[in-house]
Every structure is written in C-alpha cells, then in structure tokens.
Amino acid sequence: MKIDVGKIIDEAKLNSFHITIALLGFLFTIAEGVEMACLGFITTDIAKDWNIAPKDLWVAHTAVLVGILIGSLVAGVLTDRIGRRKSLLFMFTLATVGMGASFYIGNMTQLVLLRFITGFGAGGALPIAVALVAEYVPLKNRNMLVIFAYSGASFASVVGGYLGNYFISNYGWQGMFLLGFILAFPILIWMYLWLPESVKYLVVKNKELDKAKSLLQRANPATDITANDVLYINEPPQTKSSLASLFSGGMAATTLLLWLAFIGGQVTVFLMSVWLPTFLQNAGWEADLSRQAVGHYYLGAFFGALLLGYLADKIGAAKVIIASFPLAAILYFLLGQNVQNVDVWWMIAPIAGAFAVGGIMALAPFAAELYPTSVRGTGVGAALGVGRIGSIITPPLGNVLLAAGIGAVGFYNVAMIAPIVASLSIWLLVFLKRKNKN
C-alpha cells in the first residue's frame with residue numbers, strides 16, 4: 001500500500017514526540033538568540049572598557065549579521081542535500097564553539113572574527129530547526145508549535161536582559177558570551193543524542209526508508225505501517241536546482257515579496273536588540289535598567305508570539321501578520337513619546353514586542369507553507385537569509401542615527417517604517433496569490 005507521508009503527519013493527534021521536537025526547537029532558539037543578540041547588551045560596556053565610542057562597534061555588529069546572512073543561505077542549500085540533522089548539528093556546533101571562544105576576546109579583530117563565526121553557525125542553524133519542526137507537527141497545531149519553537153529567539157532577549165546583569169557583574173562584559181555558551185552546550189549534547197532526521201527528507205531522497213517508517217509511526221502512532229508499504233510525498237517533483245526552483249512555477253513574485261517581508265521583519269527585530277539599550281542609556285537610563293528593558297520588551301514578544309501562533313492556526317498566518325505589524329508601528333510611536341516616562345514605557349513595551357516580534361514569528365510557518373518539501377529548507381533558509389539584509393542594515397543605520405544626534409524619539413520614528421513595509425509585502429503577496437488562483 002502507498003502511504004502519503006504528508007497526509008499522515010497532517011492528520012496526526014498531538015503527542016509527546018511532537019511536543020519534544022517543538023521543545024527542543026524552543027530551547028535551541030533560546031541559545032541561538034542569545035548568541036546572536038548578546039553584543040547589543042554590552043555595546044556600551046565594551047566601548048567604555050576599550051575607550052572607544054559605542055558607534056565604533058558597528059563593524060562587530062555587522063560581522064555577526066553578515067555571518068547570519070551567509071550561514072542562512074549556505075544552510076538552506078546544505079540541508080536539502082545532506083539532511084536536516086547533519087546540517088543542524090554542524091551549524092549549532094560551530095555557533096557553540098564560537099560563543100565559548102568569545103569569552104576570551106581581547107581586541108576588536110578577535111571580536112569581529114568570532115562574531116562572524118558565531119553568526120554563521122547560528123544563522124545557519126535557525127532555518128533548519130524551523131523547517132524540521134514544521135515537517136513533523138500536525139497541521140492543526142503547526143503554526144502554534146512552529147512559532148513556539150521560533151519564539152525561543154525572542155525569549156533569549158528576556159534571558160539576556162535579566163540573567164545578563166548577573167553574568168556581567170561577575171565576569172565583566174565577557175560574561176554575556178559565557179551565558180550563551182552555558183545555554184547552548186547542554187542543548188547541543190541533547191541534539192546529538194536525540195535529534196531525528198526529517199522523515200519527509202528521507203522519503204524524498206529515498207534514504208533509510210526503514211528509519212523513515214519508524215519515525216512516521218512515532219509521528220502518528222494510529223497509523224499501521226508494514227514492511228511492504230511504500231512511502232511517498234504528494235508533491236510535484238522539482239526538476240531545477242533548489243535555489244532556482246524558488247523562482248519557477250509562478251513562485252518568483254511570492255519569493256520576492258516574502259523576502260521583502262523578512263527584510264522588514266529583521267530590521268524590526270535587530271534595531272531593537274542591537275541599539276535599544278544604547279539609545280535608552282543616551283536618554284538617561286541606567287545600563288542595568290536598559291538591559292532589563294530589552295528583556296521586558298521581548299517578554300511581551302514571547303507571549304505575543306504564542307498568542308499570534310494560536311490565532312494563526314485559527315484564522316491564518318497571513319491575516320495575523322497583516323494586522324500585527326501596523327499595530328506594532330503605532331505602539332513604537334507611543335514608546336518614543338514616553339521614553340522619559342518610564343512607568344508608561346514599561347506598560348507599552350511588552351505589547352509592542354508582542355505585535356512586532358509576534359508578527360515576525362508568524363512569518364516562519366507562513367514561509368514553510370509556501371514551498372514543497374524538496375525545497376522547503378531552501379525556501380525558508382533563503383527567506384531568513386535574504387531577510388538578514390534587514391539585520392545588516394541595522395548597525396550602520398543605528399550608527400548614523402547616533403552620529404546625527406537623533407534621540408530615542410527619532411529612533412522609534414525610524415523603527416516604525418520596517419513593520420509597515422513587512423505588512424504591505426504580505427498583503428500584496430496574498431492578493432497576488434488569490435488573483436492567480438482565481
């Protein structure tokens with residue numbers, strides 16, 4: 001009997017296997033999030049220690065983001081060729097080693113080099129993890145669980161914002177790198193011991209089919225699979241190279257608009273994680289409070305991501321994204337107007353984080369739904385990778401804003417632009433897809 005792998009997974013009831021994969025993805029993205037965002041927490045501390053201006057560290061900020069961009073693009077192609085498990089382990093190992101070595105940084109050259117290496121590994125690992133979770137969880141829970149896994153990246157700023165002060169006070173600014181390594185290492189060991197390969201990847205590549213059947217049985221225990229059954233993926237075959245296929249079969253406009261949405265989303269994320277502590281400190285906030293403020297903002301982002309993930313399963317990810325980004329822009333404006341009113345800022349910040357970062361989290365499962373299995377890793381990886389252009393913009397953008405003497409109010413006014421661009425891109429993408437369908 002022929003068994004449609006996608007249908008079996010889509011119709012499965014949620015079980016411990018799915019939850020374990022989502023939990024592992026969540027813990028993994030916490031570690032990766034700390035690795036990618038830690039420099040933003042200690043920019044002012046490093047500048048004081050090295051007797052330089054905070055804006056002079058924009059090269060180091062750019063190095064990690066360039067590493068993330070290249071890593072995302074390389075991993076997207078790599079995972080569709082050698083598998084999700086091997087690619088993810090390689091990239092995460094590289095990021096973990098880079099983070100551990102960063103504890104011993106002593107000069108700008110070492111900082112730039114290790115930030116690039118860590119970013120390459122972290123940026124490469126993230127889209128693979130998202131694709132793997134998306135390929136295993138049931139359809140009715142997919143948006144929620146993928147966003148839960150992906151939300152670890154925003155929760156990382158909560159961890160960094162609150163635990164970072166302890167590590168910095170005891171180990172200096174290098175303590176932020178130590179915190180990232182302590183988070184990453186045990187998760188890396190767990191991944192080596194337990195992380196499964198994608199059953200869809202095994203079937204598409206016609207590899208280890210007995211293992212594929214075993215994994216499919218764990219994903220949906222209600223299905224009886226025998227040795228004589230034949231597994232297949234009910235998707236059209238791809239005749240072009242993975243990257244080229246993103247622009248074939250009428251997918252070119254979808255891919256380009258998705259990329260633009262990810263660019264806007266990445267500007268939204270990294271403008272806050274890289275520069276928010278610095279601009280708040282320039283506005284008169286204490287360093288410890290500014291780091292806690294980032295954690296507070298991303299605490300709202302974490303819970304907002306879960307709520308928007310639930311809504312995405314109910315009404316669709318596109319509708320959630322289109323609505324959440326404009327609301328985020330409005331809340332950014334209000335944050336700018338209340339920088340000197342800490343109590344009001346503290347109330348608005350987590351709500352802004354919920355809509356801004358929550359909307360960005362919804363982009364990941366939305367992207368995964370757009371592409372077939374054979375190029376899903378490439379599609380998600382390319383979207384996240386090209387989206388990193390937005391993150392690469394943020395260091396020089398913040399540097400320009402600082403050099404121009406623009407305060408926190410102007411900072412938030414500039415930040416409003418990115419979520420609006422992302423929202424318009426998804427709206428146009430959905431409009432074109434409906435038009436083509438009709």
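Modeller: In α17, the residues N413, V414 and A415 meet I417, A418 and P419 of α18, where contact means heavy atoms within 4.5 Å. This is a predicted model, in which local features need pLDDT of at least 70 and side-chain atom pairs count only at pLDDT 80 or more, whereas totals for chains, interfaces and linings use all residues. Residues are numbered from 1 along each chain as its sequence is written, and side-chain values use heavy atoms, with hydrogens and water left out. Helices (H or I, at least four residues) and strands (E, at least two) are DSSP runs, numbered from the N terminus.

Sorted by class, the contact of α17 with α18 has five nonpolar residues, one polar residue and no charged ones; here Ala, Val, Leu, Ile, Met, Phe, Trp, Tyr, Cys and Pro count as nonpolar, Asp, Glu, Lys and Arg as charged, and the others, Gly among them, as polar. The axis of α17 and that of α18, which spans residues 417-437, come within 4 Å and cross at roughly 10°. Such axes are lines fitted to C-alpha atoms, for helices over the stretch in contact, and the angles run from 0 to 180 degrees between N-to-C directions. The helices α17 and α18 are therefore roughly parallel to each other, on a scale where angles under 35 degrees count as roughly parallel, over 145 as roughly antiparallel, 65 to 115 as roughly perpendicular and the rest as oblique.

Helix α17 also has a partner in α12. The axes of α12 (residues 252-282) and α17 (residues 408-415) come within 10 Å and cross at roughly 165°, which means that α12 is roughly antiparallel to α17. The residues that make this contact are L271, M272, W275, L276 and F279 on the α12 side, with A408, F411, Y412 and A415 on the α17 side. By class, the contact of α12 with α17 has nine nonpolar residues, and neither polar nor charged ones. The crossing in which α12 passes α17 is left-handed, a term used if the near helix is turned anticlockwise from the far one by less than a right angle, and right-handed if clockwise.

Another residue of α12 deserves a word. T278 lies in this helix and counts as buried at 2% relative accessibility, where buried means under 20% relative accessible area, exposed over 50%, and partly exposed in between (1.4 Å probe, protein chains only). Not counting residues up to four places away in sequence, T278 touches T43, T44, P54 and L402.

Turning to charged side chains, a search of the whole structure finds six salt bridges, each being a side-chain nitrogen of Lys or Arg within 4 Å of a carboxyl oxygen of Asp or Glu. One of them joins D288 to R291, with the closest N and O atoms 2.9 Å apart. D288 and R291 are three residues apart in helix α13 (residues 287-315), so about one helical turn separates them. D288 is partly exposed at 43% relative accessibility, whereas R291 is buried, with a relative accessible area of 2%. D45, D288 and R291 are linked in a network of salt bridges. A further salt bridge pairs D56 with K55, the closest N and O atoms being 3.8 Å apart; D56 is partly exposed at 34%, and K55 is partly exposed at 33%.

The side chains of E208 and K211 also meet in a salt bridge, at 3.0 Å from N to O. K211 counts as partly exposed at 40% relative accessibility, and E208 as partly exposed at 48%. E208 lies in the loop between α9 and α10 and has a positive phi of about 40° although it is not a glycine. N206, which is found in the loop between α9 (199-205) and α10, has a positive phi of about 55° and is not a glycine. Most residues other than glycine have a negative phi. N206 is exposed, with a relative accessible area of 58%.
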